[in-house]
Amino acid sequence: MKDVTETCPLNRGQVMAMYFLEHRARLLDVAAFLDRLDRSCGQESPDFREQALYSAIGLLSDGQPHRTARILALLSDCTDELPQSAEGMKGALGAVPLTEGDSE
Amino acid sequence: MKYIDPHIHMVSRTTDDYQRMALAGCVAVTEPAFWAGFDRSSAQGFFDYFRQLTEYEPRRAAQAGIQHFTWLCINPKEADDPAFARDVIALIPEFLKCETVLGIGEIGLNKNTRNEQIILEEQIALAETHNQLVLVHTPHLEDKRKGTRLIMDALQASSIDPGRILIDHVEEHTVGEVLDRGFWAGMTLYPDTKMTPQRAADVIEMYGSERIWMNSAGDWGCSDPLAVPKAQQEMRRRGHTTQLIDQVTYSNPQKFLSQSPRFHVAET
């Protein structure tokens, strides 16, 4: 992937000052969503989106660049098949079932 | 600060949106033909829509002092029935004569099906035959990466210069490949499913400002017709120069769109 070192014109302190509170709130939204999932009624096993979300969360703290692109790739359809028609298909769901190695 | 919104569906917006956009600095919009939120039942429905895009909407925009241009096609979501799609495509050559039509768009894929791909290729051929610019819709969410690659493969199988094709709705996992393959890239600033102004500014910082623009793609869904000036503001607060902000929100769209002899922004 492209080297993007020092492409943001702000220094680290400026980025933190400008964006911390906004992203603190978003992080709490994610936490509350996961709590809500855990508190939900019924015995259904987690669907593929939950697994994908936890895998994506793992990428956030791996210290490597291009987190956004890598999360988007993780949530992408990587198959080669082309169905003939969209008839009966649901809208986009935002994630696909993970295959072995996707969460690494 | 003046700007061009090169992808917005004004038929779905109110007149006061035009007024607010003009106040925010918008001087011109280009409106691709798209899915109206429901499937039209006949080609006649598209005939009326194309008249709205070429006759009515430019007049409504002019009342706010905004120039309105358009693109024509059958959108990928309604292109899954090839026979129906061909009836619509047959209408397009006559409308290509209208003075505000810039090209074919937004064509592309939705669910990456073979039927959509057939109609995509036929509309690429239409653009090729009539020497038109092309504006491309890429699929949403999990379908985007695969669909974007399929679309670029189909476009590169044609004789159309990639410099005359804009691939829209790029995100961080597709923008690099789009630019590397010689196409223009469009970033859609959308509250939920696409990009925020902050991420768009990040992409400019990481991938540069050549062959790239931003648009709101404002439509009938959750969208923001003032997304482009909000991205200008985001770049400004990061300390980017006025020259860079102007490039990605005015000069770049002007440069790409001016490849059509019909596109000209009146100096005020």
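Me: In this predicted model, which residues of helix 5 of chain B do B:P82, B:A85 and B:I89 of helix 3 meet?
Reply: Look at where helix 3 of chain B touches helix 5 of chain B. B:P82, B:A85 and B:I89 supply the helix 3 side. On the helix 5 side they meet B:N115, B:I118, B:I119, B:E122, B:Q123 and B:L126.

Me: What is the orientation of helix 8 of chain B to helix 9 of chain B?
Reply: Helix 8 (residues 197-207) and helix 9 (residues 227-237) of chain B have axes that come within 9 Å and cross at roughly 60 degrees. That angle makes helix 8 of chain B, relative to helix 9 of chain B, oblique.

Me: Which residues of helix 9 of chain B make the contact with helix 8 of chain B?
Reply: Helix 8 of chain B passes helix 9 of chain B in a right-handed crossing. From helix 8 of chain B come B:P197, B:Q198, B:A200 and B:A201. From helix 9 of chain B come B:A227, B:K230, B:A231, B:E234 and B:M235.

Me: What covers the buried residues of helix 9 of chain B?
Reply: The buried residues there are B:A227, B:V228, B:P229, B:A231, B:Q232 and B:M235. Their cover in chain B includes strand 1 (3-5), helix 8, strand 8 (212-215) and helix 10 (242-257).

Me: How many residues of helix 1 of chain A are buried?
Reply: Helix 1 of chain A has 28 residues. It lies largely in the open, because the number buried is zero.

Me: Why does the span of helix 1 of chain A agree with its number of residues?
Reply: At 1.5 Å a residue, helix 1 (residues 12-39) of chain A should span 40 Å. There is a kink of about 55 degrees, centred on A:Y19.

Me: Which residues is A:T7 in contact with, leaving aside its neighbours within four places in sequence?
Reply: A:T7 lies in the segment before helix 1 of chain A. A:T7 has 13 other C-beta atoms within 10 Å, so it is partly exposed. Its contacts beyond those neighbours are B:E205 and B:M206.

Terms used: Residues are numbered from 1 along each chain as its sequence is written. Chains are lettered from A and ligands numbered from 1 in the order in which they are written. This is a predicted model: local features need pLDDT of at least 70, side-chain atom pairs count only at pLDDT 80 or more; totals for chains, interfaces and linings use all residues. Helices (H or I, at least four residues) and strands (E, at least two) are DSSP runs, numbered from the N terminus. The expected span of a helix is 1.5 Å times one less than its number of residues. The bend at a residue is the angle between axes fitted to the seven residues ending there and the seven starting there. A residue is buried if 20 or more other C-beta atoms lie within 10 Å of its own, exposed if 12 or fewer, and partly exposed in between; C-beta atoms are placed from the backbone. Axes are lines fitted to C-alpha atoms, for helices over the stretch in contact, and angles run from 0 to 180 degrees between N-to-C directions. Angles under 35 degrees count as roughly parallel, over 145 as roughly antiparallel, 65 to 115 as roughly perpendicular and the rest as oblique. A crossing is left-handed if the near helix is turned anticlockwise from the far one by less than a right angle, and right-handed if clockwise. Two residues are in contact if their C-beta atoms, placed from the backbone, lie within 7 Å.
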